[in-house]
Amino acid sequence: MVWALPFKHKDIVIAQAILETGWFKSKNYQVNNNLFGMKQVFSRATTADTTINGYSHYPNWRMSVIDYYVKQSVRENIIPTTREQYFHYLDKVYSEVGSGYSSQLKSIIKRLGLENDDPKPKVVHHKKTTHKQIKNKKHKKK
């Protein structure tokens, strides 16, 4: 779902979902379908359908991803463009963790091999073999 939306730094977003949910085991994720620890929203559009214990509840986890994208879109002017600036921004936003937050994200990114922000798989194009070429190869072997 992250790859389907135009997030900046998709690998960081995936690492955030993993870290925020404790590898998808947190109660907030399991009860609220909340991948990013999103709290109740008052000042912007949201895909949350309700709030439980102060955290946004989503009908499914996909809506949580969409809501995180909406949140980033609203704040696009404050989200830095370089990776290091973005890590620094996240350290400020998650100030209760401090620089440890980005360190944990970097560790997850490295562990999962997410460093490449390009989700497109490498496609190997094979040269098509015609029936005539196969026939010629058989004759050459004899």
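User: What is the volume of the largest pocket, and which residues lie nearest its centre?

Analyst: This is a predicted model. The largest pocket has a volume of about 520 Å³. Its lining has 23 residues, and those nearest the centre are Phe36, Gly37, Met38, Lys39 and Lys71. The elements giving two or more residues to this lining are α1 (10–21), α3 (61–74) and α5 (99–112). By class, the lining holds 11 nonpolar, six polar and six charged residues.

User: What makes up the lining of the second largest pocket, by class?

Analyst: There are 11 nonpolar residues, no polar and no charged ones. Among the residues that line this pocket are Met1, Trp3, Ile14, Phe24, Tyr29 and Trp61. The pocket has a volume of about 170 Å³. Both α1 and α3 give two or more residues to its lining, and α1 gives the most, with three.

User: Why is the pair of phenylalanine 24 and tyrosine 29 called edge-to-face?

Analyst: The ring centres are 5.7 Å apart and the planes meet at 65°. A pair needs centres within 6.5 Å, and planes over 60 degrees apart count as edge-to-face.

User: Which of buried, partly exposed or exposed applies to phenylalanine 24, and which to tyrosine 29?

Analyst: Phenylalanine 24 has 35% relative accessibility and counts as partly exposed, since that class lies between the 20% and 50% limits. Tyrosine 29, at 19%, counts as buried, because buried means under 20%.

User: What makes the pair of tyrosine 86 and tyrosine 89 stacked?

Analyst: The planes are 20° apart and the centres 6.1 Å apart. Planes under 30 degrees apart count as stacked, and the centre limit is 6.5 Å, so the pair qualifies on both counts. The two residues are three apart in helix α4 (residues 83–93), which means that about one helical turn separates them.

User: How do you know whether tyrosine 86 and tyrosine 89 are buried or exposed?

Analyst: The relative accessible area is 1% for tyrosine 86 and 16% for tyrosine 89. Both values fall under the 20% limit, so both residues are buried.

User: How many aromatic pairs does the structure hold, and which residues form one aromatic cluster?

Analyst: The structure holds five aromatic pairs. Phe7, Phe36, Tyr68 and Tyr69 form one aromatic cluster.

User: Why is lysine 106 said to lie over the face of phenylalanine 87?

Analyst: Lysine 106 is 4.8 Å from the ring centre. The rule asks for NZ within 6 Å of the centre and within 35 degrees of the ring normal.

User: What is known about the largest cavity, and which element gives the most to its lining?

Analyst: The count comes to one cavity of 30 Å³ or more, and the largest cavity holds about 90 Å³ of space. It is called a cavity rather than a pocket because a 1.4 Å probe fits inside but cannot get out. Of its 10 lining residues, Tyr68, Lys71, Arg75, Tyr89 and Leu90 lie nearest the centre. α3 and α4 each give two or more residues, and α4 gives the most, with four. The lining divides into seven nonpolar, one polar and two charged residues.

Definitions and conventions. Residues are numbered from 1 along each chain as its sequence is written. This is a predicted model: local features need pLDDT of at least 70, side-chain atom pairs count only at pLDDT 80 or more; totals for chains, interfaces and linings use all residues. Side-chain values use heavy atoms; hydrogens and water are left out. On a 1 Å grid over the protein atoms alone, a cavity is a set of points where a 1.4 Å probe fits but cannot get out, and a pocket is an open set with protein on both sides within 12 Å along at least five of seven lines; lining residues have an atom within 4 Å of a point. Grid points are joined across faces, edges and corners, and a volume is the space filled by probe spheres set on the points. Ala, Val, Leu, Ile, Met, Phe, Trp, Tyr, Cys and Pro count as nonpolar, Asp, Glu, Lys and Arg as charged, and the others, Gly among them, as polar. Rings of Phe, Tyr and Trp (its six-membered ring) pair if their centres lie within 6.5 Å; planes under 30 degrees apart count as stacked, over 60 as edge-to-face and the rest as tilted. Buried means under 20% relative accessible area, exposed over 50%, partly exposed in between (1.4 Å probe, protein chains only).
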